[in-house]
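I opened a new notebook page for this structure. My notes follow in the order of looking things up.

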Amino acid sequence: MRSRRAFLAATGAAFGAAALPAPGWAAFGDPAFLAAAREPTGAFALFGLTAGGAIAFRVPLPKRGHAAAAHPLRAEAVAFARRPGTFALVIDCAGGRILHRLEAPSGRHFYGHGAYLDGGRVLATTENAIDTGDGRIGFWDATADYRRMGEVPSGGIGPHEVVALADDVLAVANGGLRTHPATGREKLNLDTMRPNLAYLRDGAIVERIELPDPKLSIRHIAARADGMVAMGLQSERYPVDSVPMFALHRLGQVPTVHGADLAPLFQGCVGSVAWSGDGQRLAVTAPRGGRAAIWNGTDTEILYRPDLCGVAPAGAGHAFTDGTGGVLTETGGMKHAVAWDNHLVGLGR
Amino acid sequence: MLSGLEATADQRLGGPLGTFDRPRPARAELHRADLSLPMVRAALVSLRDQAAALVDAPRTDAALARAIEQAGAIDDPALAGVADPASRIRIEALRTSVRDAHDTAAEEIGATLGVPAGFNSADGD
């Protein structure tokens, strides 16, 4: 096994690599978002959406997608298979071509999310070490055809979403739920689950926090520019139990939990979280509850849409997507003949 | 169409039904004109036409036909019977049928249009 020192040396080498070619995002239909979807034919694809919600481009996917990660500079995105997938596709959103196919190393599968680090030179992915059930963060060299660079422990079981904070700190939602490909998506450790939020710098865990209730799986996270991380929770208690639905944490501070009154309406399940573009409000979506809560720190507004799940920052506010094809942006709504999959990814433009 | 069924179940019927301990007959739509139940029936008939115009959805059509028949069999135009346990049960049954029609339509028509309900909500992330 590779030592951390060797791994960092390899990472360092990649960080020094040549400048990237950057035919930016603007050239291609001006997408502002990415979202995976199922089409009426039953086929799956990754779409680029404009700020107004129109389709900017479409790239077919071999199987159901989940989330995507957008390269910060190149018109390039990684589409992740729905867990427990073993592939991720690096897509040239310009030509709709598949540039690379990432295969999970032997004994690993992807958990559905990833994030770019170091100005787009490194891609980090959440993975399962199948034999032990330990979470892993895999690193891939985006400057060298996405060669596998190495991996580090994620700090828990079942890492789902990973996001990059300033200074290349990674925040990882270790959902706490062990799954095994042999039993599909079945949860194997409900009695002993202990989710956490872990922060990694240079591949090492610098902080790890747990919430008071271990039955709340921390699955989706969103970071604000000031480092405040919002966590969307999924309750493994009864769906009607009033348990917190989201939590906040910043490095070095004590986490706070919120939204217990929302739990029965949400049926205990948050599908996605996003800060508004101006950072003033947090949106948490509840596909089972068919609604989203938009919270400004004191008051909560409710948005009703069936199968609402995707949310991303847009302008000063938010954009939403749902399983019936709706795209709701700051400027209005559009409907497409697809079922939008769980996540809407903002390109930050 | 789905929101029409939801409104019929939750507002036109749910409003006057209130709770068992606290029925709200005065909340029935147009109850002074004795048009509450006719409104429910008219809504169901027009929603059935609408469903038929969308796609071929036999199960939805049957579910709506059942609800319309039930509405026709209740002789209480102002829905005043919500306050009486004996007649209330038939109005509750009608609401259940409207909700069933809603769920059937969501599934059947959604599937035919290629957007099954619950793409995200059905099976987690």
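Which residues form one aromatic cluster? I found A:Phe80, A:Phe110 and A:Trp140 in it. Before going on, I noted the ground rules: this is a predicted model, with local features needing pLDDT of at least 70, side-chain atom pairs counting only at pLDDT 80 or more, and totals for chains, interfaces and linings using all residues. Residues are numbered from 1 along each chain as its sequence is written, chains are lettered from A and ligands numbered from 1 in the order in which they are written, and side-chain values use heavy atoms, without hydrogens and water.

**Aromatic pairs**

I looked up the pairs over all chains and got four. Rings of Phe, Tyr and Trp (its six-membered ring) pair if their centres lie within 6.5 Å; planes under 30 degrees apart are stacked, over 60 edge-to-face, the rest tilted. A:Phe80 and A:Phe110 are edge-to-face, 6.3 Å centre to centre with 70° between the planes. This pair links distant parts of the chain: A:Phe80 sits in strand β5 and A:Phe110 in strand β8, 30 residues apart. Strands are DSSP runs of E, at least two residues; helices are runs of H or I, at least four; both are numbered from the N terminus.

Both Phe residues, A:Phe80 and A:Phe110, are buried. Buried means under 20% relative accessible area, with a 1.4 Å probe and protein chains only. A:Phe110 also pairs with A:Trp140, tilted, at 5.9 Å and 45°. A:Trp140 lies in strand β10 and A:Phe110 in β8, so this pair ties together parts 30 residues apart in sequence. A:Trp140 is buried too, as is A:Phe110.

**A:Glu161**

A polar atom of the A:Glu161 side chain does lie 3.1 Å from the backbone nitrogen of A:Ile221.

**Helix α1 of chain B**

I checked α1, residues 2–17 of chain B, and noted a kink of about 30° centred on B:Thr8. The bend is the angle between axes fitted to the seven residues ending at a residue and the seven starting there. Buried residues in α1(B) include B:Leu5, B:Thr8 and B:Leu13. Just after the helix, B:Gly18 takes a positive phi of about 50°.

Terms used. Polar contact = N/O pair within 3.5 Å; in protein donor to acceptor, adjacent residues only side chain to side chain. Buried < 20%, exposed > 50% of the residue type's maximum accessible area, 1.4 Å probe, protein only.
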